[in-house]
Every structure is written in structure tokens, then in C-alpha cells.
Amino acid sequence: MQAIELIGSHDGGDHYNIGAISQILSQDMTSLAYGSEFVGRPNTRIYSGEQNVVKLRSELSFNKARAVRWINTALQKERELGVHHPHKTWFLIDVSGEDNAVEPVVIGNICPRLQPIHTLLEARPDSAATKSKYHGILHAVFDKYLNLAKRMQVKLDEGLSNFGVDVEGKVFYLDDEYYVWDNFVSFSIMLGVYIRTYAWLDQDFIERMGRDLANSVDAVFEDPHCNVIVAEQLRSLFMPSEEKTQLVRKLIDTLLLFTKEAAAKNRSKRPGASGRSSSRYFALLADIHANYPALERVLGYLKTENIQEGIILGDIVGYGPDPAECIERLQDSSLNIIKGNHDHAAAINKAETGFSHTAKAVIKWTVERLSEEHRDWLKYLPAVIENDEWLAVHGAPIDPTFFNGYVYSMTAEDNLEHLQNKNRTLCFHGHSHMPGVFARDKRRTDHHVTEETINLDSYKHALVCPGSVGQPRNGKLGTQFAIYDREKKELSYITLPYEVEGVVKRMRDYELPESLWQRLLTGT
């Protein structure tokens, strides 16, 4: 004999009684099938009535005491998430008296029957009003998803079958599961699934959806780089036809256009062009870290050698005493410039994941010494530049953010595999502060090369780090950078002395952490 016990609803109200649940459970179990109204895991049991739906979590195997604790924990968390229908009510069924009962308790919930959005969007919109309705529903999904990710670092299951809409057009989350936020990776993949799934999608709909999405991402995260992350993730998606590929490209272009338009509103000076290099010699600079004398020493060398093209591989600021001076020196530079994780953190005044206590303290110090114009300039630097010759990131090409991941011995193989899969020969990067090349030859054998002169002609894929201008870590003193000879496909690593004592003195005067200025004296 079954005994149903109500545990609680999301809003604390009494919306269901035991009789209503029993009546729905007396019906046949609803079939779950891909593309149908009800989609779910094989061990989920769904019973649907005209107005409400009951879900039994048959995969959960608890006694009654544990079941009550599990439900109360789940209910508390779902109340914090705030994405489910307020009437959703959890209950348990005591089946201890039934024959063949493996466990004495079954956990379940009941909520209003909402129209799953994946079935709603199957109908081709026949009017502008219907298209507008669809846009509004997707906007509500994005808004709910993104706000939760920002607020709680949690992501929902992105499939549209996990979202439903009520008669008033309000969108709610249907699934019981949620996951750790993965910085737009799953979200970007699911956008591609949306595009593959619905045959009626066209360029106009995608462009408007892209604008709405870009605005939502920017409003929620207040960080223009987030739209770049989504756009770059979309580039890797497979589409079954040229028509669908063009829709993805339209979405990418719309997201990036939003970022470019936001950057255009920024009144600060812009960095040099990001096109393919044309001169024979190409300068590689990385990790300046607010060390103005070191930067000036390198720029002076480039001027003497008449090397006018090159790239700054991020982290203009952080650690060092001269953030404003370095920014202003580079604002007039003809070099390509991308942002690093320290630049990004200073721009948005937020240093969290991946920053040590020391680094966070210096970011805070840096922000206090930068004007709004300085920070805007950093904010709108690109995170990645690529052309048909090379790709440039601060961190690692496999990293969705482009400036948090590292290329080193433990990650080189995966990053080289990424280059191979993308058919990219050459990637310039910084972040590690360690000069050298991780390369894969034509036999798919990987190498780590650290000579002062390295010829890349024998390698199919190469990850090139020029070392650090402002804070070397390979045991050598001075300022480090590299010159790439495009004709010979040859790298020359250069270390130059500079007046480090003055930098150390300023760091000590500013009471910056001792470990940072000691590094300049030891190169480690």
C-alpha cells in the first residue's frame, strides 16, 4: 500500500493534495522519446495529467529519513536558484508495504504542465508576431540561464526541452538537475544545436537573436569579453549544411559586431591594426607587467633595428609599478595588442579565478592608479587575433577565454592537438613567462625547444612563447622578447639588460609585495 507524504513547495504554498497526485499516478506512465513533449533519462518516470505533471525519481534509492533530508536539501537549493515554477512541490511515497519493493521510499515532484519550448518552436512562425513571440521566449531562456550563472556559478541544462512556458508566457526550468558553470562552453554548443534543429531559422531571426543575446550577456556579466568567448566557441561547431554554417557565421558576426560597436564608443586610443604581417621581421612581446623601463628598452631595440611590426601578447599591467605609463606608451604603438588575464582583471576591477593573493592585491593597487580611459582601453583590447599565417592568444589556444589557460609540459600535447584539429600551424602566446617552443613535427612527434635560435620549418604545428618583457622566470636577468623571421621561419630569442634597480625601488616605495620585486633580481 502506497502512502504519499507532501514535503514542500517552492513558494511555501499548498497547491496540491494527496488525492490529486494519486489520481495522476493511477494513469499509465508517459512515454519518453526524443522530439516528443516529454524527454528525460530512462530511469525517470513521468505521469502526465491535463493540468499537472508528476515526476518520480526512481534512480534515487533511500530510506525515508534520508529521502526527507535529500528532498529538503534539493528544495532549499531550488528556492535559491529561483528558476522553477513556484508551485513545484516535492513529495515522497512510502512503498514499504508493497511486494517486491527494493527500497521503502520513492521521491517525486509535481508541477503545472507547461508547454516545453522545444515543441513550441517546431512550428514555423507564420507571422511577424509569432517570430516576435519566439524571440521573447528565447530571450527569457537566455536571461534566466545567464543571470543564474552570474549569480551562483551554476548552469542549467541548456536543452530547450528543459524549459517550459505557461499560459501567460512566463518561462520556467523543468529539469531537477543543475551543474557547475563552465564559462559558456555548453551554452555555445547548445546554440549550435538550436540552429541545427529548427529548419525555419533564417538570417534575420538569427541576427535579432544574436543582438538580444549579446545585450543580455553584456547586461548580466558587464564584460564585453564574454560575447567574444561565445563567438569563438561557435567557430568550432559542425553544421550539416552550408545554409546552417552561414547561420552560425551570422550569429558569430552579430556577437562580435556588438563588441566592436561597444569598443567604438570608447573614446580611448586604439591599438594598431590586426592584419597579417607583411614585413620580414615580426616582434613578439609578452607579459610586460607594468615594467616601463623594460618595455622602453625593447621598443628602443625595435626602433634601432627598424622592426615596425609585431604583437604584444597580453598582460601589459599587473605585478609592476608603472601600469599607466605602459598603457600610454603602447596606445601610440603600431604593434598589434591583445589582452591578458591581468589586463582583463584590471579593466573590469575583478580578479577571481586563477589569481593568487599577491596578484589580487596588485590588481586592486593597479585599478586605483588607472583612469577610466586606461581601463576602457584595456577592456576593449581583443583577446585573440588570427589570420591565415598565425594565431595569437595570451594564455592557451585550447582555453575558451584565451587568457587563463597555460601552455606548459602538461598541457602542450592537448594544445598542439588543438592546433592540428584547427589546421593552424603557428600560435604565439604568453602567460607562462617561459621562452621556448612546443612543437609537433611531420611524424606527430612533440618537442620542447629552448635554444636562442629556433627554426620552425621542420614543424607542422608550433606554440611559441617569447618569454616576459617585465618579469622573466627562466633564471635569466633582463628583459626578454623574440623576433620571428618570416622568410626563414626562424625565431631569435633576445635578452637585454635594463635599469632594474629603479623599478625595484619604486615597487618597494609603493609597498608592493617583496616576492614580486625579488623576482626581478633573480629572474625566477
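1. T358 counts as partly exposed because its relative accessibility is 24%, where buried means under 20% relative accessible area, exposed over 50%, and partly exposed in between (1.4 Å probe, protein chains only). This is a predicted model, in which local features need pLDDT of at least 70 and side-chain atom pairs count only at pLDDT 80 or more, while totals for chains, interfaces and linings use all residues. Residues are numbered from 1 along each chain as its sequence is written, and side-chain values use heavy atoms, with hydrogens and water left out.

2. T358 lies in helix 12, residues 357-367, a helix being a DSSP run of H or I with at least four residues, numbered from the N terminus. Leaving aside residues up to four places away in sequence, T358 touches P513, S515 and L516, contact meaning heavy atoms within 4.5 Å. The C-alpha atoms of T358 and E514 are 9.8 Å apart, although 156 residues separate the two along the chain.

3. Helix 4 (residues 128-152) packs with helix 6 (residues 203-221) at an angle of about 25°, and their axes are 10 Å apart. Helix 4 is therefore roughly parallel to helix 6, a label for angles under 35 degrees, with over 145 roughly antiparallel, 65 to 115 roughly perpendicular and the rest oblique. Residues that meet across this pair include Y134, L138 and F142 in helix 4, and M209, L213 and V217 in helix 6.

4. As for confidence, pLDDT is the predictor's confidence in each residue, from 0 to 100, and the protein chain has a mean of 93, with 96% of its residues reaching 70 or more. Over residues 267-273, however, the pLDDT is below 50.

Technical notes: Axes fitted to C-alpha atoms, helices over the stretch in contact; angles between N-to-C directions. Helix = DSSP H or I, 4+ residues; strand = E, 2+ residues; numbered from the N terminus.
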